Amino acid sequence: MKTRILLIIFMLASLPVVLKAQANDLSPARKQAIDSLALEKVRDLSKYISIVGNKNTPWAEANRVIERTLELFADGSQMGVSSLYRPEIAFYSVREYLERLMALNYDNVKIEWYDIHYISDLERQPDGRYVGVITIYQIFEGTVGDKMVYRDTTKKDITIYVERKQTQIGGRLIDFWDVLLGDIRVTETTP
């Protein structure tokens, strides 16, 4: 009898932990919605990078787009940058990367992303966040006058963070899942 009472007390004591863990699990429908949101944010990033890199974009507009771009990322995220002319990969903060992109010494820069897809499912971490990786391919072309002086194709892996947050709407706390982009790593650079 004493063992049975201890078992019931243990089960009741662990119930809030079980309920909280279930609240943080992703249903298949929720996971699909999060995957779509993550892919949409990556496509937004692609569009923003093209705008910032375009030499015809006015300076004020480029700076506005930089601020929008920063909202896509988790704090402290870094961008890997490669070149066919050097073997090492440089890492910059997202802002520094975008400012360097604006200052490139080409008359025109064209950046296109394609084949955007998940390479790893979202996996739950001990801190409750989910982490996944999306791969993209980027074509970068720099021209001076009418002549293309640099072109490469880069394969990049983008870390995706999904975490539960709360916001207050009409005096009520509402839970929601937020998607943020993390570090972008270069895995391959070809001509």
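Arg185 is found in strand E6, in a model that is predicted rather than experimental. Strands (E, at least two residues) and helices (H or I, at least four) are DSSP runs, numbered from the N terminus. At 43% relative accessibility, Arg185 counts as partly exposed; residues are termed buried under 20% relative accessible area, exposed over 50% and partly exposed in between, with a 1.4 Å probe and protein chains only. When residues up to four places away in sequence are not counted, Arg185 touches Phe91, Lys155, Lys156 and Asp157, a contact being heavy atoms within 4.5 Å. The C-alpha atoms of Arg185 and Ile158 lie 6.6 Å apart in space, although the two residues are 27 apart in sequence. The side chains of Arg185 and Asp183 are joined by a polar contact of 3.4 Å. A polar contact is a pair of N or O atoms within 3.5 Å; within protein, one must be able to donate a hydrogen and the other to accept it, and residues adjacent in sequence count only if both atoms are side-chain atoms.

Residues are numbered from 1 along each chain as its sequence is written, and side-chain values use heavy atoms, with hydrogens and water left out. Local features need pLDDT of at least 70 and side-chain atom pairs count only at pLDDT 80 or more, whereas totals for chains, interfaces and linings use all residues.

The protein holds four helices and six strands, which run α-α-α-β-β-α-β-β-β-β from the N terminus on. Of its 191 residues, 38% are buried. Among contacts between residues at least 6 apart in sequence, 62% join residues at least 24 apart.

The geometry is edge-to-face, at 5.8 Å centre to centre and 70° between the planes. Rings of Phe, Tyr and Trp (its six-membered ring) pair if their centres lie within 6.5 Å; planes under 30 degrees apart count as stacked, over 60 as edge-to-face and the rest as tilted. Both partners are buried, Tyr130 with a relative accessible area of 8% and Trp177 with one of 11%. The structure holds five aromatic pairs, and one aromatic cluster is formed by Tyr85, Tyr106, Phe140 and Tyr150.

Phe140 also belongs to the lining of the largest pocket, where Phe140, Val81, Ser82, Arg86 and Leu104 lie nearest the centre among 17 lining residues. The volume of this pocket is about 410 Å³. On a 1 Å grid over the protein atoms alone, a pocket is an open set of points where a 1.4 Å probe fits, with protein on both sides within 12 Å along at least five of seven lines; lining residues have an atom within 4 Å of a point. Grid points are joined across faces, edges and corners, and the volume is the space filled by probe spheres set on the points. Two or more lining residues of the largest pocket come from each of strand E1 (78-83), strand E2 (86-93), helix H4 (94-102), strand E4 (130-144) and strand E5 (147-169). E5 gives the largest share, four residues. By class, the lining has nine nonpolar, four polar and four charged residues. Here Ala, Val, Leu, Ile, Met, Phe, Trp, Tyr, Cys and Pro count as nonpolar, Asp, Glu, Lys and Arg as charged, and the others, Gly among them, as polar.

In helix H3 (residues 59-70), which contains Thr69, that threonine is buried, with a relative accessible area of 0%. The side chain of Thr69 reaches the backbone oxygen of Val65 at 2.7 Å. Leaving aside residues up to four places away in sequence, Thr69 touches Leu45, Tyr48, Val94 and Leu98. Asn63 also has its place in helix H3, but is partly exposed at 22% relative accessible area. Asn63 and Glu99, 36 residues apart in sequence, are separated by 8.7 Å, C-alpha to C-alpha.

Asp35, in helix H2 (residues 28-53), counts as buried at 16% relative accessibility. Beyond residues up to four places away in sequence, Asp35 touches Tyr118 and Leu122. Asp115, in strand E3 (residues 108-124), counts as partly exposed at 43% relative accessibility. Phi of Asp115 is near 50°, a positive value in a residue other than glycine. Most residues other than glycine have a negative phi.
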